Amino acid sequence: AASWIGDLDLAPTYRDAVLARLHRAFLGDRVRLTGRLPAREVAGALARADLFLTPSRYESHGFAVTEALAAGVPVVGWTSGGLWEYLRPGRDSIQLRWGAVDQFAKTLRRLLEDHGLRAALADGAMESARALASWPQRGKQMETALQTILAARPEGSRHARG
């Protein structure tokens, strides 16, 4: 069974379209829509998960993906976005071209059937998580980058504020 964890009211039109497709494909009883969960329940769900599927076309960072890595859960997602700056396709994740739905289905089936491949990707996910900077370190890196950008602006920039 699969779990869809996240705010179900954030994009109701999308949610309803997904539910309709699940119903038409007779998969409604195999996908559990949890809604938002407290952090402890998300951690528990990740600890039980075999795979983390990210349906987003574009994620600038993907906090949920880094949580999946920290839980040793391999990631499957599309090629767009900032996720791929720290994911290592073939080692901790599988990266698919946006819209390649048939390839996505084949990849998912392969990963569900091949325990050895999933285990290798899970090991890679843990390795990747250990290599990531901590949240405070990443916040400091972002602050430094923003300060550098602001310092490089011309004195008369119309957007510069003191």
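Predicted model: local features only at pLDDT ≥ 70, side-chain atom pairs only at ≥ 80, totals over all residues.
Helices here are DSSP runs of H or I, at least four residues long, numbered from the N terminus.

Let's start with the whole chain. There are 162 residues, and 28% of them count as buried. The secondary structure comes to 6 helices and 5 strands. Along the sequence, the order is β-α-β-α-β-α-β-β-α-α-α. Along the principal axes, the C-alpha atoms fill a box of roughly 60 × 35 × 35 Å.

Next, contacts. Take pairs of residues at least 6 apart in sequence. Of those contacts, 49% join residues at least 24 apart.

Now the surface. The chain exposes about 11,300 Å², and carbon and sulfur atoms supply 55% of that area. On charge, there are 22 positive and 17 negative. Their mean positions lie 3 Å apart.

One surface feature to look at is in helix α6. This helix covers residues 135-152, and L146 is found in it. L146 is partly exposed, because its relative accessible area is 45%. Together with M142 and I149, L146 forms a nonpolar patch on the surface. The three residues have about 310 Å² of accessible area together.

Which residue has a positive phi without being glycine? That is F26, with phi near 60°. Most residues other than glycine have a negative phi. F26 sits in the loop between α1, residues 12-24, and β2, residues 31-35. Is F26 buried or exposed? Exposed, since its relative accessible area is 73%.

T34 has a relative accessible area of 18%, so it counts as buried. What does T34 touch, beyond its neighbours within four places in sequence? The contacts are S3, W4, I5 and G6. Look at I5 in particular. I5 and T34 are 29 residues apart in sequence, yet their C-alpha atoms are 5.3 Å apart.

On to salt bridges. The count comes to 7. R15 takes part in two that I want to show. One is with D9, at 3.0 Å from N to O. Another is with D16, at 2.9 Å from N to O. D9 is exposed, at 60% relative accessible area. D16 is partly exposed, at 41%.

The next salt bridge pairs E127 with R88, the closest N and O atoms being 3.1 Å apart. This pair links distant parts of the chain. E127 is in helix α5, while R88 is in the loop between β4, residues 75-78, and β5, residues 93-96. The two are 39 residues apart. E127 is partly exposed, given a relative accessible area of 38%. There is also a network here: salt bridges that share partners join R88, R91, D92 and E127.

Last stop, S128. S128 lies in helix α5, which spans residues 115-131. Why is S128 called buried? Because its relative accessible area is 4%, and buried means under 20%. Setting aside neighbours within four places in sequence, S128 is in contact with L69, R88 and D92.

Conventions. Residues numbered from 1 in each chain as written. Heavy atoms only, no water. Patch = residues over 30% accessible without salt bridge, like charges linked within 9 Å, V, L, I, M, F, W, Y side chains within 5 Å. Areas by Shrake-Rupley, 256 points an atom, 1.4 Å probe, with all protein chains shown as cover. Salt bridge = Lys/Arg side-chain N within 4 Å of Asp/Glu carboxyl O. Buried < 20%, exposed > 50% of the residue type's maximum accessible area, 1.4 Å probe, protein only. Contact = heavy atoms within 4.5 Å. Lys, Arg positive; Asp, Glu negative; His and termini not counted. Charge placed at Lys NZ, Arg CZ, Asp CG, Glu CD.
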